[in-house]
Amino acid sequence: MEVSLEAFRILIFLLPGIVTLQIRSLLAIPEKTKLIDMVITALVLTFLDHVLSAILPTLGWLGALEERVTLESEFWRLFKVQGGLQLLLYSSGLGVFLGYLRFRGWDYAFLRALRITRRSGYMDVWNETFNRDRGSWLIVSLKDGRRLLGWAATYSDEPGTHELFLARAAWVDQEGKQTAIQGPGILLSKESEIVAVEFWSPKE
């Protein structure tokens, strides 16, 4: 039992960083990193979570909620002693905050303003462009010479996977004549081989 309790104590200590990392990854496209890099990031986030939990106000209502749960278990007692609920709440909040910063690109924008880096933080130009110009009319050129006009409804966010769903789409010939596609739109998969994307602003 002693070994199990000790393992549980370590889990409670490390869990906040894992929660923060997971929530941040859900809100923003995570970079593809090695396992060791993910472990290091989780440990750094664990440290930040514990610092936040120590310096931010103790949430009395969480303590009251913990006391209302009457579980006769050494694991639950240990969870309460280590401030488990408060740690999980603050780690979740930090994950949302960091994920939103990454999603908006404000973290790297701040670093660029300080002239510390020139990186954008996005994994490729495709992802960066569509994040900065969300919701646009596009003219998409395919490798076989065909062109499509449509509204960028959704797009892939995996690096190297350039896929689009165009709503209100139409084929466009060499003279600019449009032939509407029946239905909600067209999905351009990776096999479509997109060679160019024009961001189009129709005149009123």
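Trainee: Let's start with T46. Setting aside its neighbours within four places in sequence, which residues is T46 in contact with?

Mentor: Those would be F13, L14 and G17. Keep in mind that this is a predicted model. T46 itself lies in helix α2.

Trainee: Is T46 buried or exposed?

Mentor: The way to read this is to compare relative accessibility with a cut-off: buried means under 20%. T46 comes out at 2%, so it counts as buried. Its side chain also has a polar atom 3.3 Å from the backbone nitrogen of G17, and G17 is one of the residues in that contact list.

Trainee: Now D49. Where is D49 found, and what is the nearest side chain of opposite charge?

Mentor: D49 is found in helix α2 as well. D49 is buried but has no salt bridge, and the nearest side chain of opposite charge is R24, 11 Å away. A salt bridge needs the nitrogen and oxygen within 4 Å. What D49 does have is a polar contact of 2.8 Å between its side chain and that of T20.

Trainee: And which residues is D49 in contact with, leaving aside neighbours within four places in sequence?

Mentor: P16, G17, T20, L87, Y90, S91 and L94.

Trainee: How exposed is V51?

Mentor: V51, which lies in helix α2 (residues 35-55), has a relative accessible area of 32%, so it is partly exposed.

Trainee: Let me step back. How many helices and strands does the protein chain have, and in what order do the elements run?

Mentor: There are 7 helices and 6 strands. From the N terminus on, the order is α-α-α-α-α-α-α-β-β-β-β-β-β. Of the 204 residues, 30% count as buried. For how the chain folds back on itself, look at contacts between residues at least 6 apart in sequence: 60% of these join residues at least 24 apart. As for the surface, the chain exposes about 13,500 Å², with carbon and sulfur atoms supplying 62% of it.

Trainee: On to the strands. Which strands pair with β3?

Mentor: To read a sheet, pick a strand and look up its bridge partners. Strand β3 (residues 164-172) pairs with strand β2 (residues 147-155) in the antiparallel sense over 7 bridges. Strand β5 (residues 185-188) pairs antiparallel with β3 over 4 bridges, and F165 has L187 as its partner in β5. Strand β4 (residues 178-180) is joined to β3 by 3 bridges, also antiparallel, with A170 standing opposite A180 in β4.

Trainee: How many residues sit between β3 and β4 in their hairpin?

Mentor: There are 5 residues between them, and G176 in the turn has a positive phi of about 90°.

Trainee: Last topic. How many salt bridges does the structure hold?

Mentor: It holds 3. R102 and D107 have their closest N and O atoms 2.9 Å apart. R102 is buried at 13%, whereas D107 is partly exposed at 24%. D144 and R146 come to 2.8 Å; D144 is exposed at 52%, and R146 is partly exposed at 42%.

Trainee: And what about E193 and K143?

Mentor: Their side chains meet in a salt bridge at 3.4 Å, N to O. This pair links distant parts of the chain, 50 residues apart: E193 is in the loop between β5 and β6 (194-200), and K143 is in the loop between β1 (137-142) and β2. E193 counts as partly exposed at 38%, while K143 counts as exposed at 61%.

Note on methods:
Residues are numbered from 1 along each chain as its sequence is written. This is a predicted model: local features need pLDDT of at least 70, side-chain atom pairs count only at pLDDT 80 or more; totals for chains, interfaces and linings use all residues. Side-chain values use heavy atoms; hydrogens and water are left out. Helices (H or I, at least four residues) and strands (E, at least two) are DSSP runs, numbered from the N terminus. Buried means under 20% relative accessible area, exposed over 50%, partly exposed in between (1.4 Å probe, protein chains only). Two strands pair if DSSP finds at least two bridges between them. Contact means heavy atoms within 4.5 Å. Accessible areas come from the Shrake-Rupley method with a 1.4 Å probe; for residues, only the protein chains shown count as cover. Lys and Arg count as positive and Asp and Glu as negative; His and the chain ends are not counted. A polar contact is a pair of N or O atoms within 3.5 Å; within protein, one must be able to donate a hydrogen and the other to accept it, and residues adjacent in sequence count only if both atoms are side-chain atoms.
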